[in-house]
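Biologist: I'd like to learn how to read a protein model. Could we go through one together, feature by feature?

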Amino acid sequence: MDSPTPRPRRTAFLLSQLGALASARFAERTREIGLTPSDAGVLRLLGRTPGLSQRELADRLGAVPSRIVPLIDSLESRGLVGRERSSTDRRNYELTLTDAGRAILTRLRSIAEQHEAELLAPLSPEQSEQLESLLAQLAGGAALDADLHRDLGR
């Protein structure tokens, strides 16, 4: 009599499914306030580190600078981001949030908190903390930045 074949672990598959679901739902939420997830990521990063140059921003995001220019142009045309000549290197522009950018960042924080609460609703507070700790450990082991998505396909 043959013993049943053990079922393979599906951890990576489940992480992939949950990641795709979380990304899609976050995109829906940001779309409701006129942003893309990329817009949201840039606003969040500039909120934490005002004065970044476009090149520094591209480096942080793991993107080529030419992909950042239209993104910043769009945010600037909507009045969310400002460009100012660098006082230390006149070849560069420093990026900062405008008042409107800071206001929408406040809305984004609320959206992100609601998004996380919905995603983690099936877990107890203790389980949520444990999951965050384990995911941070996995992200660290993969040398991922826990604060932003990098363009891993460049």
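Modeller: Let's start with the largest pocket, which has a volume of about 2,500 Å³. On a 1 Å grid over the protein atoms alone, a pocket is an open set of points where a 1.4 Å probe fits, with protein on both sides within 12 Å along at least five of seven lines. Its volume is the space filled by probe spheres set on the points, which are joined across faces, edges and corners. One caution: this is a predicted model, so local features need pLDDT of at least 70 and side-chain atom pairs pLDDT 80 or more, while totals for chains, interfaces and linings use all residues. Residues are numbered from 1 along each chain as its sequence is written, and side-chain values use heavy atoms, leaving out hydrogens and water.

Biologist: Which residues are closest to the centre of the largest pocket?

Modeller: Lining residues have an atom within 4 Å of a point. There are 49 here, and Ala-22, Ala-146, Asp-147, Leu-148 and His-149 are the closest to the centre. Helix 5 gives the most to the lining, with nine residues. Helices (H or I, at least four residues) and strands (E, at least two) are DSSP runs, numbered from the N terminus.

Biologist: Now helix 4: how do I check its length?

Modeller: Take 1.5 Å times one less than the number of residues. For the 13 residues of helix 4 that gives 18 Å, and its end C-alpha atoms are 18 Å apart, which agrees.

Biologist: Which residues of helix 4 are buried?

Modeller: Buried means under 20% relative accessible area, exposed over 50% and partly exposed in between, with a 1.4 Å probe and protein chains only. Ile-68, Leu-71, Ile-72 and Leu-75 are buried in helix 4. Seen down the axis, the buried residues fall within an arc of 100° (taken from the directions from the helix axis to the C-beta atoms), so they line one face of the helix. An α-helix has 3.6 residues a turn, so residues three or four places apart point the same way. On the other side of helix 4, Ser-66 and Ser-77 are exposed.

Biologist: What do the buried residues of helix 4 pack against?

Modeller: Contact means heavy atoms within 4.5 Å. By that rule they pack against helix 2, helix 3, strand 2 and strand 3.

Biologist: And Ser-53, is that buried or exposed?

Modeller: Ser-53, found in strand 1, is buried, with a relative accessible area of 8%. Ser-53 touches Asn-92, Tyr-93 and Leu-95, not counting residues up to four places away in sequence.
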